[in-house]
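User: Hello! I am new to this structure and would like a friendly walk through it. Could you show it to me?

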Amino acid sequence: MKCYLLGIDLGTSSVRAGIFREDGERAAIAARTYPIKTPSPGWAEQNPEDWWNKTCECIKEALNSAHLTGNDIKGISFSAQTHGVVLLDRDGNHLVPAIIWADARSSDEIPELEEIIGEKRLEKVIMNRIFPGTQAATIRWMQKHAKDVWKNTR
């Protein structure tokens, strides 16, 4: 029996699902796009439900294209865009759209965080320089500018 592996890549503007044999031969691949919404200058948001729905569509298409079922998949690998923030309520529902790495609304929070936490300590913890769109900056922005949302975040 052949061994099939499923790879899922949730990127900034699209998701891809690929099915490969254990020898690396591609059996099928599918892709779907989703929008980046910019409701204000410098903002970059996405609907987390789009990620889920488009991922499910890709997996189904790839399985159908390869003439396989989920039972044929022996391993799954997943990668995703980094630095996104999805704020959830106590029931696991997102409170606002996901704020992705390309969002720049938290620019003014960077110097404040570097002062409070320390620039070197921040770099050590996040293993990078802090920039708008990182979780710490976005969360600080939410705490200051969207207090009702932050209050309901669990």
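Analyst: Here is a short tour in questions and answers. This is a predicted model, where local features need pLDDT of at least 70, side-chain atom pairs count only at pLDDT 80 or more, and totals for chains, interfaces and linings use all residues. Residues are numbered from 1 along each chain as its sequence is written, and side-chain values use heavy atoms, leaving out hydrogens and water.

User: How many salt bridges does the structure hold?

Analyst: A salt bridge is a side-chain nitrogen of Lys or Arg within 4 Å of a carboxyl oxygen of Asp or Glu. By that rule, the count for the structure is 13.

User: Which helices does the salt bridge of R140 and E112 tie together?

Analyst: The two side chains meet with N to O at 2.8 Å. Helices are DSSP runs of H or I with at least four residues, strands are runs of E with at least two, and both are numbered from the N terminus. R140 lies in residues 135-145 and E112 in residues 109-117, so the pair ties together parts 28 residues apart in sequence: helices α4 and α2.

User: Is R129 buried, partly exposed or exposed?

Analyst: Buried means under 20% relative accessible area, exposed over 50%, and partly exposed in between, with a 1.4 Å probe and protein chains only. R129 forms a salt bridge with E119 at 2.9 Å, N to O, and another with E123 at 3.9 Å, N to O. The relative accessible area of R129 is 44%, so R129 is partly exposed.

User: What distance separates the end C-alpha atoms of helix α1?

Analyst: The expected span of a helix is 1.5 Å times one less than its number of residues. Helix α1 has 19 residues, 48-66, so the span should be 27 Å. The model agrees, with its end C-alpha atoms apart by 27 Å.

User: Which strands are included in what covers the buried residues of α1?

Analyst: The buried residues of α1 are P48, D50, W51, T55, C58, A62, L63 and A66. Contact here means heavy atoms within 4.5 Å. The cover includes β1 (4-10), β2 (14-21), β3 (26-33), β4 (45-46), β5 (73-80) and β6 (98-99).

User: Which residue with a positive phi follows α1?

Analyst: At the start of α1, a side-chain oxygen of N47 reaches to within 2.9 Å of the backbone nitrogen of E49. After α1 comes a residue whose phi is positive, near 60 degrees: H67.

How values were computed: Polar contact = N/O pair within 3.5 Å; in protein donor to acceptor, adjacent residues only side chain to side chain.
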